[in-house]
Amino acid sequence: MTTYLTLVSKTHRLPEDWLDRIRLVSAKNAMQETFQLEEETLRQFLRLRRRLLDEGIDMEAESAYRSIEAQTNLWAEFERDCGLAYCQQFVAVPGYSEHHMGLAVDICFVRDGKVLEDHAPGKEALFARVHAVMPEYGFILRYMAGKEAVTGYGYEPWHLRYVGIEAAKEIAARGLALEEYLAE
Ligand SMILES: [Zn+2]
């Protein structure tokens, strides 16, 4: 249980033995891209996805597990294209990304076979629906609006974090950031 409540943030590095503690499994999204998540996280994500699909919402995993090496490459790519200042603001330092945990997933929406663009009409309503039902499946919104000073990140409606159903329900009901919940 405690595994799912581990904190990784700008100030908390991924535990060294993390990959010995979890089991990563692979799946494919509708775009036929392979992604990996921790076993229970994937199972619950697919249940959440099925639930939303029944409501006519096609939510897909866009980015899930990333190794420290992949994050290092991502950082180098962004530093080359956008500069160091951009990286420092928007890209997680390798070793400090929740995506290393296999418990975080960035979602996108597919409509008529296409991934919805950032400012596509109706996208906010889709996020709102996901956020409303996901605690029942163990997911929380990790980077909330108004909690930037606590989490160190701006609002990211697409970034879902698995913490287990019981914790997710309490965290969502009380509107807490994960840091605030863990500090109690
Ligand atoms: Zn993310």
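Q: How many bridges join β4 to strand β5, and which way do the two run?
A: There are 2 bridges between β4 and β5 (residues 114-115), and the strands run antiparallel. Keep in mind that this is a predicted model.

Q: Which residue is the bridge partner of arginine 111 in β5?
A: That's lysine 114.

Q: And what sits between β4 and β5?
A: They form a hairpin with 2 residues between them. Aspartate 112 is in the turn, and its phi is positive, about 50°.

Q: Where's glutamine 32, then?
A: In the loop between β1 (24-28) and β2. Glutamine 32 counts as exposed because there are 6 C-beta neighbours inside 10 Å.

Q: Back to β4. What else does it pair with?
A: β3 is joined to β4 by 4 bridges, running antiparallel, and methionine 59 stands opposite phenylalanine 109 there. β7 is joined to β4 by 3 bridges, also antiparallel, with valine 105 opposite leucine 160.

Q: Switching to packing: which residues touch the most other members of the largest nonpolar core?
A: Leu37, Val105, Ile107, Phe139 and Ile140, out of 35 residues in that core. Elements giving two or more residues to it include β2 (34-38), α2 (39-54), β4 (104-111) and α7 (165-174).

Q: Which element gives the largest share?
A: β4, with 5 residues.

Q: What does phenylalanine 139 touch?
A: Leaving out residues up to four places away in sequence, phenylalanine 139 touches Leu48, Met134, Leu160, Arg161, Tyr162 and Ala168.

Q: New topic: where is serine 9?
A: In the segment before α1 (18-21).

Q: What does serine 9 touch beyond residues up to four places away?
A: Tyr96, Thr151 and Gly152. Serine 9 and tyrosine 96 are 87 residues apart along the chain, yet their C-alpha atoms are separated by 5.6 Å.

Q: And why does serine 9 count as partly exposed?
A: Because serine 9 has 18 C-beta neighbours inside 10 Å, and buried takes 20 or more while exposed means 12 or fewer.

How values were computed. Residues numbered from 1 in each chain as written. Predicted model: local features only at pLDDT ≥ 70, side-chain atom pairs only at ≥ 80, totals over all residues. Core = buried A, V, L, I, M, F, W, Y, C linked by C-beta atoms within 7 Å. Contact = placed C-beta atoms within 7 Å. Pairing = 2+ DSSP bridges.
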